[in-house]
Amino acid sequence: MSNGKLADRAMKVAFIGSECYPFIKTGGLGDVMYALPRALLREGCEVRVIMPCYRCIPDRFKERMVWRGSFMMDLTQDGRTYHVGVMESVLDGVTYDFIDNREFFDWGNPYTGLWEDIPKYCYFSKAALAALNFMDWIPDVIHCHDWQAALVPVYLRTLFSVTPVGAARSVLTIHNLRFQGICSIEHLKYWTGLPDYLFDYAVFKVNDREANMFKGGLAYADRITTVSDTYAGEIQTDFYGEGLNSHLSYHREKLKGIVNGIDIDIWNSRTDKLLHAAYGEENALQAKKLNKKALQERLGLAVDEDKFVVGLISRLTDQKGLDLINTIFTEMMDERIQVVILGTGDPRYEDAFRYYESAYKGQVCAYIKYDESLAHQIYAGADALLVPSLFEPCGLTQLIAMRYGTIPIVRETGGLKDTVEPYNEYTGEGNGFTFDRYRADLLLDAVRRAEWLYFEDRGRWDAIVLRDMEKDVSWEHSADLYLKLYGELKG
Ligand code: ADP
Ligand code: GLC
């Protein structure tokens, strides 16, 4: 262990965010809130994760929570006070504190709609800081995630500045800039109870009518990170900046990209109990065929190990490049391909994929659900995984796919660009198949290149499978980078 690590041994970090696996997860934010604290713990940090105690958290987790106490907190402009309960659970050394309030957290899965979610996360951000004071656990760094926790840096430097927690420094991580928490100035003023001077263009104000929670948090955070280097650059441009590009360029001195990893204990094909056949590099090629057959049987596809099985595991939203898939679908479907889709979201895409399932019986499966076990089985049983995103801050599915020896087919944007090295047909190097501009014909070309290699040069294909399984997609390196960043703040 380096001296740097020894010096940082006692670093205390509080994570504040709206979801965290295994309690509640809707996407990659939940994975990061689980895996990064554990990686930091291994580096010698003391870590607490603070999240809402949603009603939709499964009972088996609620039963294990212990009551830490409760207090009243004022919140709104007219001084309404709210109950804050603190429930606690310790899981493998990480302490999880759940902020309990039925009025805010009894609805949603866990999100509802912006109108209700804005008060909910105003309350949550303030209650999380108040809970740290209440528990008398003052972190060196408060690491906040996405718009739902973006008010934390603002509260920290204003209403909480002369309280004990005011000594902490803040980091705000952008996982997805598309969601910002925008509402009328009056609504945000009312629910935050924050002073008028913050409703200015440098902080919350968007225009004469609207305020933006993320914008304010980015202005007040001591450091801003996002989940890949490429996305850190992209969000300073018009196309990817979601209206905040100038604001982010203005704050670029404190902005840094740190790529996500995945938890390699959960995503471990050798020990994965959800798989039909667990495997390591030594038996991957054989075991992946068994997993493919089991997947085909489970999903009612023609059972044939020679099919080229392409998976998609995704929230079904515009972000994920699904219109490109829709455009090429019928052309892509030759007799050698099978397609497995796992996802929920926009009804437009859900319906389109259901239609393809009925049009290509035995060849396409559209599983329109959220299903952890099927996700594991697709990562193991598919040959390739599609991630043709319009934008992708990091993306975890391509990392998991590589770890399971499934070759990603991705668009070169954000974290996809930073983690998938394009296959080079001359040298045989690379991790996956990529295309650059957001065009359906380029996606089709990438699928065809992958399919060609799979059928025509299996030796080279298999070499990519094994290389991808060996690629380091763990949190270790990036956790070190966060630790270094926290260290700079601690001073
Ligand atoms: P995003 O956070 O934008 O949704 P990521 O690639 O970062 O995308 O993370 C998605 C995570 O959610 C991965 O762990 C993926 O396996 C999981 N996931 C997405 N959709 C489903 C689903 N329908 N069922 C199970 N897991 C899913
Ligand atoms: C967001 C992004 C995704 C990223 C995840 C975790 O949901 O869409 O690209 O991997 O957060 O950081």
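Student: How much of ligand 2 does the protein cover?

Tutor: On its own ligand 2 has 310 Å² of accessible area, and the protein covers 93% of that, with areas taken from the Shrake-Rupley method and a 1.4 Å probe (for residues, only the protein chains shown count as cover).

Student: What should I keep in mind about the model and the numbering?

Tutor: This is a predicted model, in which local features need pLDDT of at least 70 and side-chain atom pairs count only at pLDDT 80 or more, while totals for chains, interfaces and linings use all residues. Residues are numbered from 1 along each chain as its sequence is written, chains are lettered from A and ligands numbered from 1 in the order in which they are written, and side-chain values use heavy atoms, with hydrogens and water left out.

Student: OK, ligand 1 then: which residues come nearest?

Tutor: Of the 21 residues around ligand 1, the nearest are G28, R315, K320, Y379 and L396, where a residue is near if one of its heavy atoms lies within 4 Å.

Student: And which polar contacts does ligand 1 have with D31 and D371?

Tutor: An N or O atom in the side chain of D31 is 3.0 Å from an oxygen atom of ligand 1, whereas D371 uses a polar backbone atom, 3.0 Å from a nitrogen atom of the ligand.

Student: Why does ligand 1 lie between the domains?

Tutor: Ligand 1 lies between domain 1 (12–261 + 476–490) and domain 2 (281–472) because both give residues to its shell, the bounds coming from an automatic or database domain assignment.

Student: Switching topic, how do β3 and β4 pair?

Tutor: Strands β3 (residues 66–74) and β4 (residues 81–91) are antiparallel over eight bridges; strands are DSSP runs (E, at least two residues), numbered from the N terminus, and two of them pair if DSSP finds at least two bridges. M72 has H83 in β4 as its bridge partner.

How values were computed: Polar contact = N/O pair within 3.5 Å; in protein donor to acceptor, adjacent residues only side chain to side chain. Helix = DSSP H or I, 4+ residues; strand = E, 2+ residues; numbered from the N terminus.
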